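Subject: Handing over a structure

Hi,

Here is the structure I promised to pass on. Have a look at it first, and then read my notes below.

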Amino acid sequence: MAARHLRTRKFSSPAAIAATAAVGVALAVGGTVGAVRLTAGEPPAEPVAVEALPSTPAPTSAAPSPSASASPSASLSPSPKATPSPKVSRTQAASRSKPRTTAPSPTAKKTSGPKVVDSGSCGASFYAEGQMTANGETFNPNALTAAHKTLPFNTKVRVTNPANGKSVVVRINDRGPFIDGRCLDLSRAAFATIAATGLGHVNVRYEVLG
């Protein structure tokens, strides 16, 4: 086997020596940087001591929370759910416990009118001359009075005109009339209440009031 002869190159020029040195420095720096990057990228071999130890709880009384400083009245006042107010039991009054009944409405008292003791129909006229009446009064044509042949003085008589339904109550204070078919002679004011005075006389219905 033939022996190989190693030939060593010799650089005699300074430029070649400087270039060789620069290449060597670049290779050395590149290797160091790569080693640093590989070392930084590798995960730690052991867990960090801070992660292995139990965490200490943060103190609660160090500083008030923002919500507490924003609404101090809410933290100081007790919650309605925490301290419920006692229930007030209402007792019904004795008067209200009784069953209510409707109060009866007051009934109007019926005032009974004068009693009719006699009634009938006849003709009625009027007179207006000033004179003395049979009971001794001075005749007043404007008063509601009448003359009758037999009724006692001061008797009240209701006289109604059936033609128009108007009626008037007169007091007997005189005697008359003395004409057949007529039983009442009214004062002018009484006659005008139930009919026109121009008629002279009308048929009426009378009721003697007791």
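One definition before the tour: two strands pair if DSSP finds at least two bridges between them. Helices (H or I, at least four residues) and strands (E, at least two) are themselves DSSP runs, numbered from the N terminus.

A word on the ground rules. What you have is a predicted model, where local features need pLDDT of at least 70 and side-chain atom pairs count only at pLDDT 80 or more, while totals for chains, interfaces and linings use all residues. Residues are numbered from 1 along each chain as its sequence is written, and side-chain values use heavy atoms, with hydrogens and water left out.

**The overall picture**

The protein chain has 6 helices and 6 strands. Read from the N terminus, the order of elements is α-α-α-α-α-β-β-β-β-β-α-β. The strands make a closed barrel of 6, running β1-β5-β2-β4-β3-β6 with mixed pairing. From one strand to the next the twist averages 45° (axes are lines fitted to C-alpha atoms, for helices over the stretch in contact, and angles run from 0 to 180 degrees between N-to-C directions).

Of the 210 residues in the protein chain, 19% are buried. Buried here means under 20% relative accessible area, exposed means over 50%, and partly exposed is in between (1.4 Å probe, protein chains only). The chain exposes about 16,700 Å², and carbon and sulfur atoms supply 59% of that; accessible areas come from the Shrake-Rupley method with a 1.4 Å probe, and for residues only the protein chains shown count as cover.

How much of the contact list joins residues at least 24 apart? Taking contacts between residues at least 6 apart in sequence, the share is 71%, where contact means heavy atoms within 4.5 Å.

**The disulfide**

There is 1 disulfide by the rule used, namely a pair of cysteine sulfur atoms within 2.5 Å. Cysteine 122 and cysteine 183 are the partners, with S to S at 1.6 Å. This pair links distant parts of the chain, since cysteine 122 sits in strand β1 (residues 116-127) and cysteine 183 in strand β5 (residues 182-187), 61 residues apart. Cysteine 122 has a relative accessible area of 13%, so it counts as buried. Cysteine 183 is buried too, at 15%.

Cysteine 122 also has a bridge partner in β6, valine 204. Strands β1 and β6 (residues 201-209) pair in the antiparallel sense over 9 bridges.

**Two aromatic pairs**

The structure holds 2 aromatic pairs. Rings of Phe, Tyr and Trp (its six-membered ring) pair if their centres lie within 6.5 Å; planes under 30 degrees apart count as stacked, over 60 as edge-to-face and the rest as tilted.

One of them brings together phenylalanine 126 and phenylalanine 191: the ring centres are 5.0 Å apart and the planes are at 35°, so this pair is tilted. Phenylalanine 126 is in strand β1 and phenylalanine 191 in helix α6 (residues 188-194), 65 residues apart. Phenylalanine 191 is buried at 0% relative accessible area, whereas phenylalanine 126 is partly exposed at 25%.

Then there are tyrosine 127 and phenylalanine 139, with ring centres 4.4 Å apart and planes at 15°, so this pair is stacked. Tyrosine 127 is in strand β1, and phenylalanine 139 is in the loop between β1 and β2 (145-147), 12 residues apart. Both are buried.

That loop also holds threonine 133, which is buried at 6%. Beyond residues up to four places away in sequence, threonine 133 touches Thr138, Phe139, Asn173 and Asp174.

**Around arginine 171**

Arginine 171 lies in strand β4 (residues 167-174). Is arginine 171 buried or partly exposed? Its relative accessibility is 23%, so it counts as partly exposed.

Arginine 171 has bridge partners on two strands. It is the bridge partner of threonine 145, and β2 and β4 pair in the parallel sense over 3 bridges. It is also the bridge partner of lysine 156, where strand β3 (residues 156-160) and β4 pair in the antiparallel sense over 5 bridges. Those two strands form a hairpin with 6 residues between them, and glycine 165 in the turn has a positive phi of about 80°.

Leaving out neighbours within four places in sequence, arginine 171 is in contact with several residues, including Asn135, Glu137, Leu144 and Asn154. The C-alpha atoms of arginine 171 and asparagine 154 are 5.3 Å apart.

Cheers
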